[in-house]
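Here is a short tour of one protein model, written for someone who likes to have the structure open while reading.

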Amino acid sequence: MEPSPEPSKSAEPPTALFVGNDLMFQSRISSACKSAGLGLKLLRTPENFTPEAYQGNLPVLVIVDLGLANLDLEGLLAKLRPSLPNAKWLGYGAHVLADRLDEASNLGLDAVMTRGQFDRDMVRILHSIAN
C-alpha cells in the first residue's frame with residue numbers, strides 16, 4: 001500500500017477575512033466560520049494587506065465590523081477589492097449606525113445587516129454567502 005500524498009496548500013479550507021477589533025465577537029465569528037467550512041484571518045490594519053501573504057488561498061469572504069472607529073469603508077474597499085475580485089463582502093453594525101449601514105449598501109457590499117441579525121443566524125449567513 002502506497003503512502004497517501006501530503007495534503008497540498010489548496011486543500012486548506014476557504015478563508016474569510018475579518019476586519020474588526022472586537023475579540024469576543026471575533027471568537028464567535030471564528031466558531032461560526034469553522035462550522036460553515038471556512039478558516040478565519042484577522043486584519044487589524046488594512047494598509048498592511050498583501051495578497052502574497054495568503055499563498056494562493058485568498059479570502060472568499062470579507063467580514064467588516066461597520067462599528068469600527070475611524071473606519072474608512074470606501075478606502076478599505078479601494079485597497080482590498082482589486083486584490084480580492086471574487087470575494088463576497090459582508091458588513092455588520094449596530095442598528096443605531098443607520099448611516100454607516102446605508103453607506104455600506106450604497107458602496108456595494110454583498111450583505112449588510114445589523115449586528116443582532118448577523119449574530120442570530122451567523123452560521124447560516126456565512127455558509128450561504130461563502131458557498
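## The largest pocket

The largest pocket holds about 240 Å³ of space. A pocket here is an open set of points on a 1 Å grid over the protein atoms alone, where a 1.4 Å probe fits, with protein on both sides within 12 Å along at least five of seven lines. Its volume is the space filled by probe spheres set on the points, which are joined across faces, edges and corners.

Fourteen residues would be a lot to click through, so start with Arg44, Pro46, Glu47, Asn70 and Leu71, which lie nearest the centre of the pocket among the 14 residues that line it; lining residues have an atom within 4 Å of a point. Helix 2 gives the largest share of this lining, 3 residues.

## How to read the model

This is a predicted model: local features need pLDDT of at least 70 and side-chain atom pairs count only at pLDDT 80 or more, while totals for chains, interfaces and linings use all residues. Residues are numbered from 1 along each chain as its sequence is written, and side-chain values use heavy atoms, with hydrogens and water left out.

## Helix 2, inside and out

Helices (H or I, at least four residues) and strands (E, at least two) are DSSP runs, numbered from the N terminus. In helix 2 (residues 73–80), Leu73, Leu76, Leu77 and Leu80 are buried, meaning under 20% relative accessible area with a 1.4 Å probe, protein chains only. Seen down the helix axis, these buried residues fall within an arc of 95°, so they line one face of helix 2; the arc is taken from the directions from the axis to the C-beta atoms. Glu74 and Ala78, on the other side, are exposed, that is, over 50%.

The cover over the buried residues includes strand 1 (15–19), strand 3 (61–65), strand 4 (88–93) and helix 3 (98–106).

## The largest nonpolar core

A nonpolar core is a set of buried Ala, Val, Leu, Ile, Met, Phe, Trp, Tyr and Cys residues joined through side-chain atoms within 4.5 Å. The largest has 20 residues, and Leu17, Val62, Val64, Leu73, Leu76, Leu80 and Trp89 have the most contacts inside it. Helix 2 supplies the largest share of this core, 4 residues.

## Asn57 in its loop

Asn57 sits in the loop between strand 2 (39–42) and strand 3, and is buried at a relative accessible area of 14%. The Asn57 side chain reaches the backbone oxygen of Pro13 at 3.2 Å.

How values were computed:
Contact means heavy atoms within 4.5 Å. A polar contact is a pair of N or O atoms within 3.5 Å; within protein, one must be able to donate a hydrogen and the other to accept it, and residues adjacent in sequence count only if both atoms are side-chain atoms.
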